[in-house]
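Hi everyone, thanks for making time.

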Amino acid sequence: MAVLPVVKYPDEILETPTKRVKEITDEIIQLLEDMYDTMIQHDGIGIAAPQVNQELRIAIVELDEDTGLFEMINPEIIESSGSSIDVEGCLSFPEVYGTVERADRVVVRYFDRTGEEYEVEADDYLARAFQHEIEHLDGKLFTDKIIDPIAPEDLEAYMEGEE
């Protein structure tokens with residue numbers, strides 16, 4: 001396992017739609033493990049393959065131990081509903097934060113590292129994280145959706161005001 005370099009904007013891979021994974025190989029499993037180590041090292045809750053310079057439809061999300069780890073190969077959102085606005089950041093945009101509108105609830109279909117297919121219903125912040133990472137796989141960036149930018153020095157005060 002290894003911590004990989006995180007691709008930073010404006011690298012064009014961040015705006016390039018990814019390719020579907022055709023076969024789950026040892027290299028794909030190693031990539032999942034390296035992506036996880038990279039996400040943890042950078043204190044993230046999600047990471048997508050383009051953020052580690054891979055044009056593959058792979059993303060990881062882990063909010064905390066309670067929600068668990070989601071290693072998603074070829075994920076797609078098959079249902080969404082509701083709407084909410086909350087603050088987001090991104091490992092590929094250090095020190096950039098802002099409020100973004102997203103669906104409150106999503107159903108995501110994906111394959112895990114063993115090739116088993118799952119459908120997961122998520123709401124609130126988990127739904128937000130899934131949408132953020134899956135948009136990376138489509139070459140879309142959260143910065144294009146920011147409603148109100150939040151300066152890094154104002155982030156903590158903003159978060160306390162929201163509670």
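Helix α3, residues 155-162, lies across β4, β5 and β8, running at about 150° to β4. Contact here means heavy atoms within 4.5 Å. The axes are lines fitted to C-alpha atoms, for helices over the stretch in contact, with angles from 0 to 180 degrees between N-to-C directions. Helices (H or I, at least four residues) and strands (E, at least two) are DSSP runs, numbered from the N terminus.

A quick word on provenance: this is a predicted model, where local features need pLDDT of at least 70, side-chain atom pairs count only at pLDDT 80 or more, and totals for chains, interfaces and linings use all residues. Residues are numbered from 1 along each chain as its sequence is written, and side-chain values use heavy atoms, leaving out hydrogens and water.

Now the sheet: it is open, with three strands in the order β4-β5-β8 and antiparallel pairing; two strands pair if DSSP finds at least two bridges between them. At the edges sit β4 (84-90) and β8 (146-150), each pairing on one side only. β4 and β5 (residues 93-102) are joined by six bridges, and I85 stands opposite E101 in β5.

Back to helices. α2, residues 124-137, lies across β4 and β5 at about 55° to β4. Just after α2, G139 takes a positive phi of about 80°. Thanks, happy to chat!
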